[in-house]
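Please look over the sequence and the model shown here before reading the report.

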Amino acid sequence: MTELPKTASPYCEDKPVEITQQPAAAPPPRRTNPVWALLRNSWRQLTSMRTALVLLFLLAIAAIPGSVLPQRSVNIERTAEFFRAHPDLAPFLDRLGMFDVYASAWFAAIYLLLFTSLIGCVAPRLADHVRALRTVPPDAPKRLDRLPQHAEAERPGDPAAVAACVARHLRTRRWRTRVRERDGGVWTVAAEKGYLKETGNLLFHFALLAVLVGVGFGSWYGWHGNRLLVQGPDKGFCTTLTQFDESSLGARVDAADLPPFCLELTDFQATFQDSGQPKSFDATVLVDVDGTQSTRTFTVNDPLRLPGATVNLLGHGYAPVLRYTDRYGQAQTKVVPFLPRDGMFTSEGVATFPDANVDPETGARDERLQVGFEGVYLPTVGTDDRPTSVYPAERNPVLFLTAYRGSLGVDAGRPGSVYALDRGQITAGRLKQVSGARPQEVRAGETWTLDDGTTLEFLGTRPFATLAVRHDPTGLLVLGGAVAGLIGLMGSLFGHRRRVWFRMSPLDAAAGKAGGTVMVAGGLPRTDYPGFPAEFRSLVQAAEKSEGTA
Amino acid sequence: MAELSDQLMALTVLAYLAAMVTYAAEYAFGKRSHIGRAAARPARQLVGAGGPPAEAPLTGKGPVEEPPAVVDVVGGQPGERDRGALLARIAVGINLVALLLHLGTLVTRGVAADRMPWGNMYEFILSVSFVGSAAWLGVLLRRPGIRHLGLFVALTMVVLLGANGLIAYTPVGPLVPALNSYWFIIHVATIILASGILLFGAVPAAMFLIRTGYDQGKRRFPYTLGRRSPAADTLERLTFRLHAFAFPLFTFGALIAGPLWAEASWGRYWGWDPKEVWAFISWIVYAGYLHARATPSVKRTTATWIALIGFVTMLMNLFGVNLFFEGLHSYANAG
């Protein structure tokens with residue numbers, strides 16, 4: 001017992017445990033299969049602590065590009081911007097998966113190797129620990145005076161009684177204790193404490209596995225969609241895939257699996273500081289789940305939780321209501337959401353009327369007479385001439401519009417943005433600006449008459465909210481894993497495995513006096529534990545003081 | 001109240017500066033410094049070739065080479081000894097005053113804004129540095145031997161708070177709705193506490209490396225600082241205990257409370273926002289430190305270097321992310 005093991009387990013160490021003592025009649029060494037040997041050595045390498053540390057660092061380094069470069073999963077617009085700004089570099093980086101770092105093969109390779117290494121490390125330790133939990137503390141080594149902690153004392157009473165008393169005391173302090181009788185009337189007490197350290201350690205690592213499994217299943221069985229929802233009964237939406245502006249389903253989710261419900265934005269209230277900083281947002285919606293309707297209010301940190309989905313409020317804005325009356329006197333009304341481009345809600349958008357100027361008599365459609373308006377909406381126009389809003393609420397709202405007539409390019413079937421006119425049509429001269437050089441200022445209720453006598457009436461605005469609808473079936477598993485991991489972590493950091501031994505010898509054997517006991521104590525901390533000497537002293541003192549008669 | 005907070009902030013920086021100067025004075029003139037030691041030694045020993053036993057066999061740059069003329073060898077002996085102790089006491093006292101002013105800055109700021117003062121980067125740095133400073137004084141009271149680190153702690157505080165006031169200053173204002181949640185207190189409080197302790201933990205870590213180098217006989221510049229530092233063991237153990245204490249806190253704040261709030265606020269518990277990425281990186285590096293330290297075959301110096309890498313990622317997390325990247329955690333108003 002001169003070699004004091006520092007760690008509880010030989011696993012996850014750099015060097016495999018060397019067996020120094022060969023049995024006397026060792027059989028001739030068997031030739032191991034080289035493939036098997038290679039596999040075994042690779043496995044040992046992979047599960048060594050050094051490899052695990054290297055993999056940990058690789059994982060940390062691999063995560064960095066995801067914060068430096070824009071990620072598709074985080075911000076797809078920024079990614080597109082990066083592609084426009086670096087047309088040469090971006091495709092190359094894209095091939096390396098730099099815009100989907102956390103879904104890339106190399107990132108997955110690192111964490112899968114790390115978790116394999118982890119399993120290879122903790123699974124044998126689990127077996128060891130289960131064994132350790134079921135075995136009694138080993139008997140006292142011969143030379144207790146060689147242990148890091150050591151004490152000797154004399155006590156009245158015979159060794160058996162003293163041993164019983166010491167053991168009782170140790171048990172009340174929650175030590176796992178074993179009393180043994182040895183030759184010559186000698187009794188030993190062996191005690192061990194701090195199993196929680198390894199328990200916590202294993203719990204932490206298995207909890208990490210649970211988190212990984214939870215995240216993996218979450219990405220398979222989860223889904224999310226975004227939707228811009230304008231206020232009004234005519235603008236409600238239901239959870240069919242086509243009604244989302246953008247959506248992504250997990251690999252095991254089908255469009256038919258989405259929970260059926262419909263939402264209609266009935267009210268949206270935003271309040272602001274005088275500085276324009278937002279104070280509160282509240283969205284009120286009419287929820288229709290299988291025909292049962294209810295009115296619910298939710299806000300930024302308090303999402304709307306529905307069966308099978310959570311609806312988060314991400315943002316809001318204004319949607320001007322425009323009525324266009326064409327040459328034939330036909331009026332069309334559109335509610336067009338304008339996207340805010342700054343904190344004061346200077347918003348941009350377009351209103352297109354591809355079905356304008358259709359002759360009601362013949363039904364003949366003249367593509368050159370389609371109409372589109374491009375504009376900026378300022379909820380509060382400033383006193384100077386600048387085309388930016390000075391306050392996010394509608395204190396002095398103005399709409400600045402530019403009118404275009406011609407082919408909007410929507411009939412070609414090409415997908416285009418609903419927030420901008422087709423620039424290609426304008427540069428090709430197929431869509432012509434028909435208003436003045438400066439955009440026309442229109443206030444709510446005003447009517448603007450265009451050059452051909454058609455009119456555009458600005459009826460007012462409606463608020464809109466941008467919503468994220470999401471379902472993550474394994475969120476609770478991940479949370480449970482994280483909490484269990486934290487508990488295990490604290491156990492492993494603050495627990496200390498340690499052993500103490502007491503040997504009680506009859507006094508007469510040592511000094512010729514009868515009826516007394518020589519008590520020798522030794523203590524061995526099995527992990528770095530600065531508090532152990534103090535604990536050992538207090539144990540010995542308690543053993544000296546307590547009465548020997550059982 | 002807001003103005004009072006700003007004035008207190010200026011006073012705080014000045015007080016840390018004064019503490020730094022006093023620590024430096026003790027460093028230079030205290031009894032454990034070479035000048036002080038030379039002064040405390042009788043003159044005939046100065047004439048002899050050797051210094052104290054610990055330094056005698058080493059290179060020629062021992063304290064013996066210090067010009068003895070600068071000290072009053074005959075008369076100043078008991079006075080010098082007192083002066084070191086007195087300076088030390090004054091330094092710690094000023095440091096305590098600085099800490100109280102620091103606390104005052106935070107409290108008045110919170111009262112002025114009528115909320116917890118954690119709403120933007122200026123307030124966040126103010127809070128993190130307060131925790132670090134308080135942790136320093138707390139450890140100092142229990143282990144007076146590490147007082148010589150005070151110079152570096154005070155220097156860090158002056159630089160950090162000075163830069164904070166110059167670059168990240170934000171006028172008092174209420175919270176944006178996204179921060180208006182009870183998770184704000186839970187998430188941000190634990191992060192501030194954990195970050196403060198982790199940042200402070202880098203001081204004994206660096207001093208441990210310096211001291212180890214000094215013990216190995218290195219006498220170039222950074223290692224000379226190790227001459228008067230506490231024993232390497234003490235520093236190493238302190239490093240570990242600070243990190244072991246802060247790591248679970250950081251785990252809770254960044255990886256449990258943070259995702260819980262993110263789920264309620266943004267609809268997903270983890271989305272690789274730059275702040276989340278760097279919290280993940282810091283967590284991994286500190287986990288690596290704890291593993292390396294628990295492994296006997298990894299040298300303690302190697303493990304401590306990992307802790308210092310963790311410190312760098314932590315700085316990146318607290319400041320770099322807010323300054324360089326745009327993300328969901330951009331409430332910072334940095335500059």
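## Terms and conventions

Two strands are said to pair if DSSP finds at least two bridges between them, and the strands themselves (E, at least two residues), like the helices (H or I, at least four), are DSSP runs numbered from the N terminus. Strands of a sheet pair through backbone hydrogen bonds, either parallel or antiparallel.

This is a predicted model, in which local features need a pLDDT of at least 70, side-chain atom pairs count only at pLDDT 80 or more, and totals for chains, interfaces and linings use all residues. Residues are numbered from 1 along each chain as its sequence is written, while chains are lettered from A and ligands numbered from 1 in the order in which they are written.

## A five-stranded sheet in chain A

In chain A, 5 strands form an open sheet in the order β1-β22-β21-β3-β2, with antiparallel pairing. Because β1 (149-156) and β2 (176-181) of chain A stand at the edges with a single partner strand each, one side of each is left without a neighbour in the sheet. Neighbouring strands of this sheet are turned by 15° against each other on average, direction ignored.

Helix α7 (residues 159-172) of chain A lies across β1, β2, β3 (187-193), β21 (498-506) and β22 of chain A, and runs at about 10° to β3(A). Helix α12 (residues 532-545) of chain A lies across β1, β21 and β22 of chain A, running at about 10° to β1(A). For these angles, axes are lines fitted to C-alpha atoms, for helices over the stretch in contact, and the angles run from 0 to 180 degrees between N-to-C directions.

## Other strands of chain A

An open sheet of 4 strands has the order β5-β7-β8-β9 in chain A, and its pairing is antiparallel; its edge strands are β5 (237-238) and β9 (292-299) of chain A, each of which pairs on one side only. Strand β7 (residues 262-272) of chain A is joined to β8(A) by 10 bridges in the antiparallel sense, and A270(A) has F281(A) in β8(A) as its bridge partner.

Strand β4 (residues 223-230) of chain A is mostly covered, since 6 of its 8 residues are buried (20 or more other C-beta atoms, placed from the backbone, within 10 Å of the residue's own; exposed means 12 or fewer, and partly exposed lies in between). β4(A) runs antiparallel to β6 (residues 246-249) of chain A, to which 4 bridges join it, and it also pairs with β20(A) in the antiparallel sense over 8 bridges.

## Where the chains meet

In the model, 43 residues of chain A are in contact with 39 residues of chain B, where contact means that the C-beta atoms of two residues, placed from the backbone, lie within 7 Å. Among the elements that give two or more residues to this side of chain A are α2 (49-63) and β11 (309-325) of chain A.

## Confidence

The model scores ipTM 0.83 and pTM 0.80. Chain B averages a pLDDT (the predictor's confidence in each residue, from 0 to 100) of 79, and 82% of the residues score at least 70. In chain B, confidence is lowest in helix α3 (residues 43-47), at a mean of 40, and highest in α10(B), at 93. Where pLDDT is low, the predicted coordinates should not be read in detail.
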